[in-house]
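Thanks, everyone. I have one structure to show today. Let me put it on the screen.

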Amino acid sequence: MVFQRYADRLRNGIQLETVQARQQDNSGSDGPDENLLFNAYAEQVMLAVRPNWGFASAGRVNLSCVVRVKVDMQGKVLQAEISQSSGNSQYDASAVNAVVRTGQAGEFPPPPSAEYSDLDLVFTSDELMGR
């Protein structure tokens, strides 16, 4: 899937995909313009959330969690919750808190269209630690 391939390449420990994109099959409906729009929005979200995220005690274990985010068309974070846990509640909380802090600061980018209002952000400790 086009969105997932891009999400796999994002840096700084945060990956993003739209919930709708993850649920789609490979029907071919993702055209080049749609892919460029997603890539630009994914980069904006990553740049906004990344400075608000940190977790110091991951050690050598690679942790990963998925935060489901609902955002309105003005960029207001309506909901942020764990949809896939890392197994470490402190790590999971750090990821949710990063999204919440970004939203509270008014820094979460508004989605370019309604289809981008439900997002999955994947937080990976290896990327955060630069491994």
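This is a predicted model: local features need pLDDT of at least 70, side-chain atom pairs count only at pLDDT 80 or more; totals for chains, interfaces and linings use all residues.

Start with the core. The largest nonpolar core has 24 residues. Which of them touch the most other members? Val-49, Val-67, Val-69, Val-99, Phe-108 and Phe-123 do.

Take Val-67. Skip its neighbours within four places in sequence, and its contacts still include Ala-95, Val-96 and Val-99. Leu-119, Asp-120, Leu-121 and Phe-123 are also among them.

Now helix α4. This helix has 16 residues. From first C-alpha to last, α4 reaches 22 Å, close to the 22 Å expected at 1.5 Å a residue. At its start, a side-chain oxygen of Asn-88 comes to within 3.0 Å of the backbone nitrogen of Gln-90. Just after the helix, Gly-106 has a positive phi of about 70°.

Which residues of α4 are buried? Tyr-91, Asp-92, Ser-94, Ala-95, Val-96, Ala-98, Val-99 and Thr-102. Keep the helix geometry in mind: with 3.6 residues a turn, residues three or four places apart point the same way.

One name in that list carries a charge: Asp-92. Asp-92 is buried, yet it has no salt bridge. How far away is the nearest side chain of opposite charge? That is Arg-101, 13 Å away. What Asp-92 does have is a side-chain polar contact with Ser-86, at 2.7 Å. Beyond four places in sequence, Asp-92 touches Cys-65, Ile-82, Ser-85, Ser-86 and Gly-87.

Last, the salt bridges. How many does the structure hold? Two.

In one, Asp-120 meets Arg-68 through their side chains, at 2.6 Å, N to O. That pair links distant parts of the chain: Asp-120 sits in β4 and Arg-68 in β2, 52 residues apart. Is each end buried or partly exposed? Asp-120 counts as buried because its relative accessibility is 2%, under the 20% cut-off. Arg-68, at 23%, counts as partly exposed.

In the other, the side chains of Lys-70 and Asp-118 meet at 3.5 Å, N to O. Here too the pair links distant parts of the chain, with Lys-70 in β2 and Asp-118 in β4, 48 residues apart. Lys-70 is partly exposed, with a relative accessible area of 33%.

To recap the charges: Asp-120 is paired with Arg-68, while buried Asp-92 has no salt bridge. Over to you for discussion.

Conventions:
Residues are numbered from 1 along each chain as its sequence is written. Side-chain values use heavy atoms; hydrogens and water are left out. A nonpolar core is a set of buried Ala, Val, Leu, Ile, Met, Phe, Trp, Tyr and Cys residues joined through side-chain atoms within 4.5 Å. Buried means under 20% relative accessible area, exposed over 50%, partly exposed in between (1.4 Å probe, protein chains only). Contact means heavy atoms within 4.5 Å. Lys and Arg count as positive and Asp and Glu as negative; His and the chain ends are not counted. A salt bridge is a side-chain nitrogen of Lys or Arg within 4 Å of a carboxyl oxygen of Asp or Glu. A polar contact is a pair of N or O atoms within 3.5 Å; within protein, one must be able to donate a hydrogen and the other to accept it, and residues adjacent in sequence count only if both atoms are side-chain atoms. Helices (H or I, at least four residues) and strands (E, at least two) are DSSP runs, numbered from the N terminus. The expected span of a helix is 1.5 Å times one less than its number of residues.
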